[in-house]
Amino acid sequence: MKRISILFLALIALPFVSLSQNSQGKTDDMGRVALTAFVPEQAEGIPASARQLLQGKMQQIAVQNGIGGSGSNPRFFIVPMVNVLTKEITPTAPPMHALTLEVVFYIVDASNQTIFSQTSITVKAVGASEDKAYIAGLKNLNVKAGQFKGFVETGKTKIMEFYNSQCDVVMKGAQALAGQKKYEEALFGLLSVPDVCRECFDKCMDLSIEIYKQYANYKCTEYMAGAKASWAAMNSDKAAEFLGKITPDMECYPQAVQLTEEITQKMLADGANVWTFKMKQYDDSVDKEKLMIQAGKDVAVSWAYWGASANFNWDWNWLYKK
């Protein structure tokens with residue numbers, strides 16, 4: 001949200017990609033199929049010291065199969081379940097802990113509580129303690145094992161099927177959120193649709209522009225109120241701060257220009273130094289729809305990263321307590 005004005009100044013083209021996204025090494029996770037590697041607290045029995053290692057292994061599995069993510073779309077996950085199949089003390093000096101672990105991986109839709117894909121792999125290890133044997137076993141886990149390619153591909157296909165079959169639901173959900181002035185969340189839902197789901201992607205991009213306009217006008221009212229209040233208190237710097245957030249696409253832009261002129265003339269009449277503030281203006285050579293989609297994307301990412309942790313506080317008992 002705070003970066004919208006910057007985005008309007010920067011001529012950033014949207015990172016449209018083709019169906020062969022997996023080979024492009026693209027880092028922008030919104031608009032592409034991506035997984036978040038995560039070890040839920042409900043995944044019991046995994047030593048605390050092994051959780052980071054296991055999460056790293058899952059990230060490697062996702063990335064090496066072209067579907068890695070940074071968590072910007074925290075709906076689709078790759079999560080683990082570890083079962084200890086055998087546990088023995090070796091007849092050696094000193095005695096050692098020998099474990100056989102079955103590591104099960106799931107690709108899931110955490111929102112709908114659905115398993116899209118799963119696979120398991122068995123590893124063995126020995127360590128001076130049970131935790132050390134556990135960690136050694138996970139270190140031995142081969143993320144390049146052939147089974148992971150099919151595992152990830154199945155998960156990716158199911159994610160695409162979700163958007164292709166539920167596009168109307170996604171769009172209606174976004175419209176309902178916008179009606180509640182939850183514009184950031186609405187934009188997040190729309191702009192998370194992978195571009196490989198072309199028909200749904202195009203529809204959601206069109207709708208995101210409409211909702212972004214609603215959001216921008218809603219914020220414009222806030223900025224104008226702040227600017228007027230600041231100027232009423234004769235704080236021109238603060239007024240400029242609010243006015244600087246108003247962009248030409250917002251409905252209140254003409255009012256902002258008028259207030260800017262009013263402040264400038266007043267300061268000149270009072271013999272003050274020339275006010276150097278200038279309202280933002282569009283560069284007519286840029287594609288404004290693309291800029292609005294990019295601005296909406298930035299709003300969505302900020303919402304998901306900064307303010308929405310509670311929205312993604314998924315209940316994992318459906319997977320681990322069944």
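How far is the sulfur of C197 from the closest cysteine sulfur, and in which residue is that sulfur? The distance is 6.5 Å, to C200, which is too far for a bond. The legends below describe the cysteines of this predicted model.

**View 1. Disulfide between C167 and C200.** The S to S distance of this pair is 2.2 Å. The link is right-handed, with 95 degrees about the S-S bond. C167 belongs to helix α5 (residues 167-179) and C200 to helix α7 (residues 198-232), so the bond ties together parts that are 33 residues apart in sequence. Both C167 and C200 are buried.

**View 2. Disulfide between C220 and C252.** Here the sulfurs are 1.5 Å apart. C220 sits in helix α7, while C252 is in the loop between α8 (236-243) and α9 (253-269); the pair links distant parts of the chain, 32 residues apart. The disulfide is left-handed because the torsion about its S-S bond is about -80 degrees. C220 counts as buried at 1% relative accessibility, and C252 counts as buried at 8%.

View 3. For C204, the closest cysteine sulfur is that of C200, at 3.9 Å. C204 is buried, at 0% relative accessibility. C197, whose sulfur also has that of C200 as its closest cysteine sulfur, is buried with a relative accessible area of 1%.

View 4. The structure holds two disulfides. With the bonded cysteines numbered along the sequence, the pairing reads 1-2, 3-4.

Technical notes:
Residues numbered from 1 in each chain as written. Predicted model: local features only at pLDDT ≥ 70, side-chain atom pairs only at ≥ 80, totals over all residues. Heavy atoms only, no water. Disulfide = S-S within 2.5 Å. Helix = DSSP H or I, 4+ residues; strand = E, 2+ residues; numbered from the N terminus. Buried < 20%, exposed > 50% of the residue type's maximum accessible area, 1.4 Å probe, protein only.
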